[in-house]
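This report looks at how the parts of one protein chain are arranged and where they touch. Please keep the model open while reading.

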Amino acid sequence: MVKKFIIAIDLGGTNLKCALLDSRLKIKARSYFNTRSFDNKPKLIQGIIQSVESFMVNHRLNRSAVLGIGIGMPGPVDTRKGLVHFLPNIPGWKEVGLKKILEHKTKLPVFIDNDAKLMALAEYKCGAAKKYKNALCLTLGTGVGGGLIIDGALYRGPDNAAGEVGHLIINEEGLVCGCGGRGCLETYIGNNHIIREARKLFGPGITLEEVSALAGKKNAKAINFWNQVGEKLGVAVSTLVNVLNLEAVVIGGGVSHAGNALFDSVRQTVRSRAMRVQGQRVKILKAKLGVDAGIIGAGYLVKES
Ligand SMILES: [Zn+2]
């Protein structure tokens with residue numbers, strides 16, 4: 001039988017998304033779980049195994065029809081060894097040999113990587129960064145993830161740890177960050193911080209989606225709020241653009257739905273703060289693949305491995 005399916009999994013702090021992809025990475029079936037419904041590591045791993053098994057059973061797939069399983073993890077990963085170092089937003093994960101465990105249980109090849117890297121790979125292969133061989137893809141959420149495409153390939157660094165844009169230090173005396181450092185970009189534009197700032201301005205209980213909707217309706221206070229977030233992000237992007245001479249910076253994640261109020265401000269800041277040549281070259285773009293970026297990236301990981 002011709003091998004033609006891939007099982008792709010995107011594990012987030014909130015959702016566990018699973019999908020069955022064909023060889024062209026079109027999504028054939030999906031399943032969703034609430035990550036918090038698995039209250040410990042063994043149950044979460046069992047949940048992954050069960051979702052793989054149910055795709056196999058429901059679609060009557062032989063193991064020989066599946067190329068492999070690709071998994072994006074929300075934390076640092078040793079891709080070569082298939083090891084998850086730790087997960088900042090899911091407790092109980094330390095140096096877990098996930099590849100070995102899942103290969104043993106499923107009898108399928110398993111490939112794991114960091115989720116932000118997989119999103120960058122997907123945006124480069126078939127999303128907003130498709131035409132650009134030098135690009136940075138940012139995901140704005142609780143954490144601020146990043147993936148770098150350099151000269152047409154995902155840049156990993158010797159420890160698969162490159163691209164941690166969320167931990168670009170922008171204030172040497174700033175707030176303590178989840179990474180143990182201080183004054184990282186994530187402490188300024190991560191969801192936890194901006195929701196606190198939003199509630200000071202708009203009252204308790206407001207959500208970031210609501211602030212985005214207000215900006216969409218031309219509410220001046222909301223536009224100003226996103227302008228300020230965009231300026232912080234724009235300063236960080238200017239630094240990266242100066243160093244890396246990027247063609248594109250692709251911004252995705254929940255906060256990217258704030259729209260023009262955010263993007264215009266990032267663009268203006270980069271134009272005025274980056275060096276002239278680099279600032280004129282770079283395009284600031286909205287991510288195209290949305291919530292499926294992680295799944296599609298996991299598919300590419302299997303295909304290219
Ligand atoms: Zn940090």
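In this predicted model, the domain assignment of the protein chain gives domain 1, made up of residues 5-117 + 292-304, and domain 2, covering residues 130-288. The C-alpha centres of domain 1 and domain 2 are 27 Å apart, and the contact between them involves 7 residues of domain 1 and 12 residues of domain 2.

The size of an interface is often expressed as the accessible area that is lost when the parts come together. Between domain 1 and domain 2 about 700 Å² is buried, with carbon and sulfur atoms giving 41% of that area. On the side of domain 1, Asn 89, Ala 116 and Lys 117 supply 65% of the area buried against domain 2, which is more than any other three residues supply.

| Helix | Residues | Residues in the contact |
|---|---|---|
| Helix 5 | 191-202 | Ile 194, Glu 197, Ala 198, Leu 201, Phe 202 |
| Helix 7 | 220-244 | Lys 221, Ala 222, Phe 225, Trp 226, Val 229 |

Helix 5 and helix 7 pack with their axes 11 Å apart and at an angle of about 155 degrees; because angles over 145 degrees count as roughly antiparallel, helix 5 is roughly antiparallel to helix 7. The crossing of helix 5 and helix 7 is right-handed. By residue class, the contact of helix 5 with helix 7 holds 8 nonpolar residues and 2 charged residues, with no polar ones.

Definitions and conventions. Residues numbered from 1 in each chain as written. Predicted model: local features only at pLDDT ≥ 70, side-chain atom pairs only at ≥ 80, totals over all residues. Heavy atoms only, no water. Axes fitted to C-alpha atoms, helices over the stretch in contact; angles between N-to-C directions. Helix = DSSP H or I, 4+ residues; strand = E, 2+ residues; numbered from the N terminus. Parallel < 35°, antiparallel > 145°, perpendicular 65-115°, else oblique. Left-handed = near helix turned anticlockwise from the far one by under 90°. Contact = heavy atoms within 4.5 Å. Nonpolar A, V, L, I, M, F, W, Y, C, P; charged D, E, K, R; others polar. Domains from an automatic or database assignment. Buried area = accessible area lost by both parts, 1.4 Å probe.
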